[in-house]
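Open the model in your viewer and keep the sequence panel beside it. We will go from stop to stop, with something to select at each one.

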Amino acid sequence: MKVIQIAGFLGSGKTTTLISMSKAIGQKLNKKVAVIVNEIGNAPVDAKILEEYGLKVSTIGGGCICCEVMVGLADTLVLLKKAIDPDLVLIEPTGVAMPGQVKDAILMSGSRISVEVGLAVVLIDPFIEDDMLAGEAEDNFIVRQIANADIIAINKIDVASETRIKQCEDRAREINPNAKLVRISALRGDGMDELIELMVKGISS
Ligand SMILES: Nc1nc2c(ncn2[C@@H]2O[C@H](COP(=O)(O)OP(=O)(O)OP(=O)(O)O)[C@@H](O)[C@H]2O)c(=O)[nH]1
Ligand SMILES: [Mg+2]
């Protein structure tokens, strides 16, 4: 069972991408796909970032909410495996989760089921303000999230200008020169085949 994640900041298009990808995978690859969507509070959350964006945060047990929510995700994977045994699981973490933390959470199920930790795509919404992509990873959550990606997808290319798309690509490259960079429109379907090819190749049943 391979587990991949579609990450990205709030409103970047995770749910739209998830729906578009799972439909295409089900149809074209004839694989059994399951989906896990996490709302805030159910997935690894970087509490500091919530505060950076002015949200109120309550912490559990002296400041570590990670362990608790990580166990939650691992348990869900074990249940899914037993109930429907999918070939592929797509996770939409909350917009304020870090891909690396979600991977750790996936790995925690590895003692009970056979699981392959797949790649994480981080979506970029070209309509976010420039200052949200500015600065260093240490001080800016979105930059940190992009730095943590395996694949970076500039989304909403159906409505963004070429100039803006290019700007986002240049900034993404600067933040994370190692990630594969793609352009997509989750809504219209552009680039989805390429993204699926990158993320899903080699899945075993
Ligand atoms: N034009 C256009 N709109 C898009 C695209 N992808 C997503 N949207 C729109 O952007 C908005 C947010 O999309 P979602 O898929 O809900 O984003 P999300 O990342 O799941 O949002 P949260 O779960 O709230 O963080 C919705 O109104 C979508 O219809 C796209 O490729 N093109
Ligand atoms: Mg969503």
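## Start in the sheet

Select β1 and β4: these strands run parallel and are joined by six bridges. Strands (E, at least two residues) and helices (H or I, at least four residues) are DSSP runs, numbered from the N terminus. Two strands pair if DSSP finds at least two bridges between them. Now pick Ala 7, which stands opposite Val 122 in β4.

A note on what you are viewing. This is a predicted model, in which local features need pLDDT of at least 70 and side-chain atom pairs count only at pLDDT 80 or more, while totals for chains, interfaces and linings use all residues. Residues are numbered from 1 along each chain as its sequence is written, and chains are lettered from A and ligands numbered from 1 in the order in which they are written.

## Zoom out

Colour by secondary structure. The protein has seven helices and six strands. Along the sequence, the pattern reads β-α-β-α-α-β-α-β-α-β-α-β-α.

In what order do the six strands of the open sheet stand? The order is β2-β3-β1-β4-β5-β6, and the pairing is parallel. β2 (33-37) and β6 (180-183) are at the edges with a single partner strand each, so one side of each has no neighbour in the sheet. From one strand to the next, the twist averages 20 degrees. Such angles run from 0 to 180 degrees between N-to-C directions, and axes are lines fitted to C-alpha atoms, for helices over the stretch in contact.

## Select β1 and β3

β1 (residues 2-8) pairs with β3 (residues 88-92) in the parallel sense, over four bridges. Click through some partners:

- Lys 2 has Leu 88 of β3 as its bridge partner.
- Ile 4 has Leu 90 of β3.
- Gln 5 stands opposite Ile 91 in β3.

Stay on β1. Is this strand enclosed or open? Seven of its seven residues are buried, so β1 is largely enclosed by the rest of the structure. A residue is buried if 20 or more other C-beta atoms lie within 10 Å of its own, exposed if 12 or fewer, and partly exposed in between, with C-beta atoms placed from the backbone.

In a regular strand, side chains alternate between the two faces of the sheet. Look along β1: Lys 2, Ile 4, Ile 6 and Gly 8 are on one side, Val 3, Gln 5 and Ala 7 on the other, and all are buried.

Move to β3. Five of its five residues are buried. Leu 88, Leu 90 and Glu 92 point one way, and Val 89 and Ile 91 point the other way. β3 also pairs with β2 in the parallel sense, over five bridges. There, Ile 36 has Ile 91 as its bridge partner in β3.

## Select α7

The buried residues of this helix are Met 192, Leu 195, Met 199 and Val 200.

Which exposed residues does the face turned away from the buried side carry? Select Asp 193 and Glu 197. The buried residues pack against β1, α1, β3, β4, β5 and β6. Here, contact requires C-beta atoms, placed from the backbone, to lie within 7 Å.

## Last stop: Ser 161

Ser 161 lies in the loop between β5 and α6 (162-175). Ser 161 is exposed, with 10 other C-beta atoms within 10 Å.

Key
Two residues are in contact if their C-beta atoms, placed from the backbone, lie within 7 Å.
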